[in-house]
Amino acid sequence: GCPGGAKPTRDPDDPFGDDADMADAFKDCMPLFHDACWGVTKLDVEFTLDKVVMKVLKDMSVSKQVRRKRAEALLRLGPLMQEPM
């Protein structure tokens, strides 16, 4: 701030404004930024899980019985993963 507590005058040619304006703009955009980051993260996790599950269930190096047990384990694991932490 300015000496004596005076608020600095805003330079009309400054496209960024003062610190308070920037803080307000950032605060206003934070929910959008958060939602966008969460959306990207969620898609990444879902995509990765989809690939892993398909590999686990279609692994031809193990018997059909092992693949069936894996599928049953995934069916039990799914609801646990969906519970809130």
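Predicted model: local features only at pLDDT ≥ 70, side-chain atom pairs only at ≥ 80, totals over all residues.

Entry 1. I began with Arg70, which is partly exposed at a relative accessible area of 25% (buried is under 20%, exposed over 50%, partly exposed in between; 1.4 Å probe, protein chains only). Residues are numbered from 1 along each chain as its sequence is written, and side-chain values use heavy atoms, with hydrogens and water left out.

Entry 2. Which side chain meets Arg70 in a salt bridge? I found Asp59, at 3.2 Å from N to O (the rule: a side-chain nitrogen of Lys or Arg within 4 Å of a carboxyl oxygen of Asp or Glu). Asp59 sits in the loop between α1 and α2 and Arg70 in helix α2, so the pair ties together parts 11 residues apart in sequence. Asp59 is partly exposed too, with a relative accessible area of 22%. The count by this rule is one salt bridge.

Entry 3. Next I checked the helices (DSSP runs of H or I, at least four residues, numbered from the N terminus). The axes of α1 and α2 come within 9 Å and cross at roughly 145° (lines fitted to C-alpha atoms over the stretch in contact; angles run from 0 to 180 degrees between N-to-C directions). Val53, Val56 and Leu57 of α1 touch Arg67, Arg70, Ala71 and Leu74 of α2 (contact: heavy atoms within 4.5 Å).

Methods:
Helix = DSSP H or I, 4+ residues; strand = E, 2+ residues; numbered from the N terminus.
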